[in-house]
Amino acid sequence: NLTPLWLLKFLPNMLACHVTIIHDAQGPSNTITCSEASAMLSIGESLRVIQRGWADASFCGGAEDKLNPMAYLRQQFAGVLNTTGNDDPGKALRPFDQGAAGTVIGQGGGIVILEALETFEKRRKAAGGDGAAPRAYAEVVGFGASQSVHLPQRNLKPDPNGRGIALAIRAALRDAKLEPDAIDLIIPFGSGVPECDQAEAAAIFSVFGPKAKAIPVTPIKPMTGNAFAGAGGIDACIAAKAIAEQTIPAVINCDAPLDGLNVNNGPARGAKLQHVLTFSSSFGGQNAALVLKRFE
């Protein structure tokens with residue numbers, strides 16, 4: 001039974017509210033509630049706000065708590081959870097693996113500080129290049145968003161061709177003024193839900209064609225769990241860190257990859273990373289994609 005006032009305990013804008021109060025942030029504030037796409041849509045919205053000159057910098061990203069009975073049951077009723085991996089929980093979440101059996105709930109989120117290049121350079125110049133100088137992990141050069149529609153399944157399952165996901169990726173590449181072959185690493189959403197992973201794989205094949213086999217694909221959720229609305233923020237943080245450290249993150253739990261994808265188990269390794277693509281696809285059909293560039 002739900003109390004009539006239950007929503008007051010789950011107001012999604014409370015996170016942004018408290019963060020802005022603590023830091024005295026006084027620019028535009030928006031809370032996006034589009035399930036798994038929320039964090040990357042937040043980063044994209046912040047990018048556009050800064051580009052329009054309405055703010056110099058922004059806290060953006062997302063977080064979510066699914067470890068409560070109502071949220072957990074909703075995922076169970078939707079049939080997206082792995083209910084067979086209790087004996088070996090470390091291997092329960094297996095995105096892009098032919099034995100994938102569902103997702104696993106994680107707890108957390110990721111927040112980035114996005115700042116206009118002009119104000120960043122002013123702060124860096126004022127610091128005089130000493131140890132207090134601000135550091136940029138990466139530059140956001142492209143953003144795209146879309147909505148997937150799969151009428152035969154009333155969006156209860158994703159479009160198997162990944163058309164909406166591909167639209168978001170292409171929009172981000174177009175925004176970045178890049179061709180697909182400029183991408184050095186892909187960090188997908190990779191929930192471990194077989195139908196969702198296959199839709200993402202189809203989108204990658206659609207955008208990158210035969211070159212998809214050569215681009216490393218690194219799903220993060222086997223190591224963090226699926227933080228849902230917070231997951232895209234985590235992925236964006238890892239994408240930026242990968243560029244800054246010129247390192248491709250480790251891949252685990254992909255013993256039998258889907259055909260055609262360059263996603264193989266292995267430790268973190270050094271690589272020349274100039275552009276990284278990361279994207280989120282949600283169970284509701286919303287999609288978002290970001291292209292990050294190495295900051296020179």
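What is the relative accessible area of F96, and is F96 buried or exposed?

Modeller: F96 is buried, and its relative accessible area is 0%. Here buried means under 20% relative accessible area, exposed means over 50%, and partly exposed lies in between, using a 1.4 Å probe and protein chains only. Before we go on, this is a predicted model: local features need pLDDT of at least 70, side-chain atom pairs count only at pLDDT 80 or more, and totals for chains, interfaces and linings use all residues. Residues are numbered from 1 along each chain as its sequence is written, and side-chain values use heavy atoms, leaving out hydrogens and water.

Back to F96. It sits in the loop between α3 (69-77) and β2 (108-115). Helices (H or I, at least four residues) and strands (E, at least two) are DSSP runs, numbered from the N terminus. The backbone of F96 deserves a look too. Its phi is near 65°, a positive value in a residue other than glycine.

N253 shows a positive phi as well. It is about 65°, although N253 is not a glycine. N253 lies in the loop between β5 (247-248) and β6 (269-270). At 9% relative accessibility, N253 counts as buried.

Now to a strand. S146 belongs to β3, residues 139-147. S146 is buried, at a relative accessible area of 16%. Its side chain reaches the backbone oxygen of G164 at 2.4 Å. That is a polar contact: a pair of N or O atoms within 3.5 Å; within protein, one must be able to donate a hydrogen and the other to accept it, and residues adjacent in sequence count only if both atoms are side-chain atoms. What else does S146 meet, beyond its neighbours within four places in sequence? Its contacts are G164, I165, L167, A168, G285, Q286 and N287. Contact means heavy atoms within 4.5 Å.

S281 is in another strand, β7 (residues 275-281). S281 is buried, with a relative accessible area of 11%. A polar contact of 2.9 Å links its side chain to that of E200. Setting aside residues up to four places away in sequence, S281 touches E36, I165, F189, E200, Q286 and N287.

E200 and I165 lead us to a pair of helices. In α5, I165, A166, I169, R170 and L173 meet A199, E200, A203, S206, V207 and F208 in α6. Helix α5 covers residues 163-176 and helix α6 covers residues 194-208; they pack at an angle of about 45°, with their axes 8 Å apart. That makes α5 oblique to α6. Axes are lines fitted to C-alpha atoms, for helices over the stretch in contact, and angles run from 0 to 180 degrees between N-to-C directions. Angles under 35 degrees count as roughly parallel, over 145 as roughly antiparallel, 65 to 115 as roughly perpendicular, and the rest as oblique. The crossing of α5 and α6 is right-handed.

Next, helix α2 (residues 38-51), where I43 is placed. I43 counts as buried, at 2% relative accessibility. Apart from neighbours within four places in sequence, I43 is in contact with C60, G61, V112, L114, A236 and L290. L156 lies 113 residues from I43 in sequence, and their C-alpha atoms are 26 Å apart in space.

What about the cysteines? The count comes to zero disulfides, a disulfide being a pair of cysteine sulfur atoms within 2.5 Å. For C17, the closest cysteine sulfur is in C60, 18 Å away, so it is too far for a bond. C17 counts as partly exposed, at 28% relative accessibility. For C196, the closest cysteine sulfur is in C254, at 16 Å, again too far for a bond. C196 is buried, with a relative accessible area of 11%.

Finish with two other places. P12 is in the segment before α1 (14-23). At 45% relative accessibility, P12 counts as partly exposed. It touches T31 and T33, not counting residues up to four places away in sequence. A132 is in the loop between α4 (117-127) and β3. A132 is exposed, with a relative accessible area of 63%.

How values were computed: Left-handed = near helix turned anticlockwise from the far one by under 90°.
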